[in-house]
Amino acid sequence: MEGEKSSIFYVLLFLNVIWLVGSVSGIGVNWGIQSTHPLPPSTVVKLLKDNGIQRVKLFDADPDILDAMKKSGIQVMVGIPNDMLYTLANSVQAAEKWVSKNVSAHLSSGGVDIRYVAVGNEPFLSTYNGTYESTTLPALQNIQAALTKSGLSNRVKVTVPLNADVYQSSSEKPSDGDFRPDIHDLMLQIVKFLSQNGAPFTVNIYPFISLYSDPNFPVDYAFFNGYQPAINDNGKNYDNVFDANHDTLVWALQKNGFTNVPIIIGEIGWPTDGDKNANLQLAQRFNQGFVSRYYVSQKGTPMRPGPVDAYLFSLIDEDNKSIRPGNFERHWGIFYFDGQPKYQLSLGQSKGLVAASGVDYLAKKWCVLKPSANLNDDQVAPSVAYACENADCTSLGYGTSCGNLDVKGNISYAFNSYYQIHDQLDSACKFPGLSMITDKDPSVGTCKFRIMIQTDSAEGFDGRIWFLRKVFFVLLFYIITIIM
């Protein structure tokens, strides 16, 4: 009897490995929607298909996006935001309801190929101060139980996208890696649960952040061109930080008895603006290097040779993301906000990126500083501050795409960003005695004064509220400046 149980276990394990290997079919992408003017889901799905992208990772389970995914052939990872973990951890019924609404309904209605449920997003970041440590595992367990009850546990796997700070090395060598001491026991419980359910360990790795946070970090070690001197770790050589970071995780898993847990790279990429090291050239170098090494050549890492399962971060720029980590946060996309490619990038099956089709733009007009405006006017500073607080000025500053603008250019950029984000309302270019609307493109060199796209953001109940709030704040600012 014991022999039969053992045989069944290994057969199931083998089938699960086959399922996981079969799910790796080209590089995936993260599709975030923290944008003031997101492209329609149908447009983005066509963009994915036109570029041969067969896998996408979401940060929630937006029904409009999932409906657009129907019969697309694209494999999907749906997400559960951190603010839902408490409810799902404390209620099996809530987990069952979530799975029924966001997984079962879309699978049974014909056509969304959901492969994973991501429970939380980097819940153990040190900046969260332990907020989600008590709820992540119970939420994970309840979602798994709900999938099992629905008969979907063999088709849909759970995972938890974690930041690479959940493990560390006491030296520069991956073989000294282990899980972070403050969450070590919790990590082992989570990994054990994932392993028991044939689920992958998902980690987000960002070489750019290594460079951003450490001025002494060797730039070339972030890329894939064979940095020297390589780190020698018991005969295994590491000439790029991704390999070293990835294999530090492998060692952390192995040391704790988990040698065969599949690893998914949930996020990896390079931003194109907002920092001196965030530009088109370095982003192209990194992303193309990653795709060529791990997907075209399928080289793998020293500890795990072969294909790497990864999702590029990200598909499209998001101009409404928090910039608390840095101004670069709004510039991770391989496409601009309007679906235009940023640079030449071959994803393995094509020679370059294909732009989104059917995108409509607002009129070719911009809001800029009047030539006659007085820079010593008391309204200049508060006007620029207001514009940037309510728009996107992350392309301004040292080393950015608009870093070479003069004072007048910076003011014009801020005014135009506010004007475009507020749909070119006349009232959005009423900075007192300072602004004017022009039909002459003020773009200079690498600094592009963008024209906003037309979206359906003002349609529907939520859209009307959003639109009215925009009008209210524009008028409020205008009234305040008149009173002052």
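Mentor: Let us start with accessibility, where buried means under 20% relative accessible area, exposed over 50%, and partly exposed in between, with a 1.4 Å probe and protein chains only. This is a predicted model, in which local features need pLDDT of at least 70 and side-chain atom pairs count only at pLDDT 80 or more, while totals for chains, interfaces and linings use all residues. Residues are numbered from 1 along each chain as its sequence is written, and side-chain values use heavy atoms, with hydrogens and water left out.

Trainee: Why is tyrosine 212 called partly exposed?

Mentor: Tyrosine 212 has a relative accessible area of 37%, which lies between the limits of 20% and 50%, so the residue is partly exposed. Phenylalanine 208, by contrast, is buried, with a value of 0%.

Trainee: What makes phenylalanine 328 and tryptophan 332 an edge-to-face pair?

Mentor: Rings of Phe, Tyr and Trp (its six-membered ring) pair if their centres lie within 6.5 Å, and planes under 30 degrees apart count as stacked, over 60 as edge-to-face and the rest as tilted. Here the centres are 5.9 Å apart and the planes stand at 85°, so the pair is edge-to-face.

Trainee: How do you know that cysteine 367 and cysteine 429 form a disulfide?

Mentor: A disulfide is a pair of cysteine sulfur atoms within 2.5 Å, and the sulfur atoms of cysteine 367 and cysteine 429 are 2.1 Å apart. The torsion about their S-S bond is about 85°, so this disulfide is right-handed.
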